[in-house]
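The sequence and the structure come first, and the description follows.

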Amino acid sequence: MTKTELLNKLARDEEERLLLARALDKLETARRKNIPAFTGFLSPGERANVENLIAASGHPRHLFFGGYEGAERTICVFLPDWQEEEDFLALAAEEGPVSALRCAYPADAGLTHRDFLGAILGQGITREKVGDLLVRGDSCDLVILRELEDYLLLNLDSAGRARLKVSPIPLDRLEPPEVRVRTIRDTVATPRLDAVAASAFSLSRSRAADLISSGRVQLNYRECVKPDRTVEEGDTISCRGLGKCKVKKLGGLSKKGRVMVELERCL
């Protein structure tokens, strides 16, 4: 399959086509030059698109890396024949494409994720060069492409109305905020998306179906407008404005013949 044929098959719009074309260029660089090559930071939805590209192109040697375990935004690293995943990770802390900065500020500044993202993008930096922003009460850890480190150390001096003290930190000193989840155990009439989403977000099934049809719901980080789509264990359901949940268990019937589900909803 040619590059054009591959993009025609996988890309649903021009934005996805551009994303996949860039990823395919990196993949081909790794193949042709036999060197590691990597994308910019990908959102979970973009990562799903790139995973489809990798499956279709037959290039299994890759890993997703966001600076720490459980990172939401990750780069995709295409590995050459001579490099194993553990070898890349062993070098990643000091020589890899990802680095980290810690921004300290007064605890009463009340800074948010939006403040930091605005301050960075206001420097003319594109979103793909920035990974997760880990905001706490008096500091924020920035995961970035290493190429940005010197620039931000010189130029990122404020966010919101607060002054920042910015310094580099090793990746192993990143401090992700604790992820809080609520376990939901329920039964649904059917493992359809509208039924499971209704349980996850405390909605009526008709309201869940309306949200899905209007494009506000994502299944595994891709928009799904079909309320009757079947949900499986391991799937992630996101709803704009309501959050996201993961399907931990699905299956087994209650005494009334309903399907038992166990969900973890992020708080």
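## Second largest pocket

In this predicted model, helix α4 (residues 85-95) provides the largest share of the lining of the second largest pocket, namely 4 residues. The space in this pocket amounts to about 150 Å³. Its lining consists of Pro36, Phe38, Val77, Gln83, Phe88, Leu91, Ala92, Glu95, Gly96 and Pro97. Sorted by class, the lining holds 7 nonpolar, 2 polar and 1 charged residues.

## Overall architecture

The protein chain contains 8 helices and 15 strands. Along the principal axes, its C-alpha atoms fill a box of roughly 60 × 55 × 35 Å. Of its 267 residues, 44% count as buried. Among contacts with a separation of 6 or more, 58% are made by residues 24 or more positions apart.

In soluble globular proteins, nonpolar side chains tend to be buried together. The largest nonpolar core of this model has 24 residues, of which Leu193, Val217, Ile237, Val247 and Leu263 touch the most other members. Two or more residues of this core come from each of β10 (181-188), α7 (193-200), α8 (205-213), β11 (217-219), β13 (236-239), β14 (243-253) and β15 (259-266). The largest share, 6 residues, is that of α7.

Beyond its neighbours up to four places away in sequence, Val247 touches Val196, Val231, Glu232, Glu233, Gly234, Asp235, Ile237, Glu262 and Leu263. A second, separate core comprises 21 residues, including Tyr105, Leu111, Ile120 and Leu152.

Helix α5 (residues 113-121) has Phe116, Leu117, Ala119 and Ile120 as buried residues. Viewed down the axis of α5, these residues fall within an arc of 160°, so they line one face of the helix. The buried residues of α5 pack against the strands β4 (98-104), β5 (130-135), β6 (139-145) and β7 (158-159).

| Residue | Relative accessible area | Class |
|---|---|---|
| Gly40 | 16% | buried |
| Ser238 | 11% | buried |
| Lys244 | 24% | partly exposed |

Gly40 lies in the loop between β1 (37-38) and α3 (44-57). With neighbours within four places in sequence set aside, the contacts of Gly40 are Thr74, Ile75, Cys76 and Glu128. Leu134 is 94 residues away from Gly40 along the chain, and the C-alpha atoms of the two are separated by 18 Å.

Ser238 belongs to strand β13, and Lys244 to strand β14. Not counting residues up to four places away in sequence, Ser238 touches Phe201, Arg216, Val217, Gln218, Tyr221, Gly243 and Lys244. Lys244, with neighbours within four places in sequence left aside, is in contact with Glu72, Phe201, Tyr221, Thr236, Ile237, Ser238, Glu264, Arg265 and Cys266.

Why is Lys244 classed as partly exposed? The relative accessibility of Lys244 is 24%, and the partly exposed class lies between the buried limit of under 20% and the exposed limit of over 50%. Ser238, in contrast, is buried because its relative accessible area of 11% is under 20%.

Key
Residues are numbered from 1 along each chain as its sequence is written. This is a predicted model: local features need pLDDT of at least 70, side-chain atom pairs count only at pLDDT 80 or more; totals for chains, interfaces and linings use all residues. Side-chain values use heavy atoms; hydrogens and water are left out. On a 1 Å grid over the protein atoms alone, a cavity is a set of points where a 1.4 Å probe fits but cannot get out, and a pocket is an open set with protein on both sides within 12 Å along at least five of seven lines; lining residues have an atom within 4 Å of a point. Grid points are joined across faces, edges and corners, and a volume is the space filled by probe spheres set on the points. Ala, Val, Leu, Ile, Met, Phe, Trp, Tyr, Cys and Pro count as nonpolar, Asp, Glu, Lys and Arg as charged, and the others, Gly among them, as polar. Buried means under 20% relative accessible area, exposed over 50%, partly exposed in between (1.4 Å probe, protein chains only). Contact means heavy atoms within 4.5 Å. A nonpolar core is a set of buried Ala, Val, Leu, Ile, Met, Phe, Trp, Tyr and Cys residues joined through side-chain atoms within 4.5 Å. The arc is that of the directions from the helix axis to the C-beta atoms.
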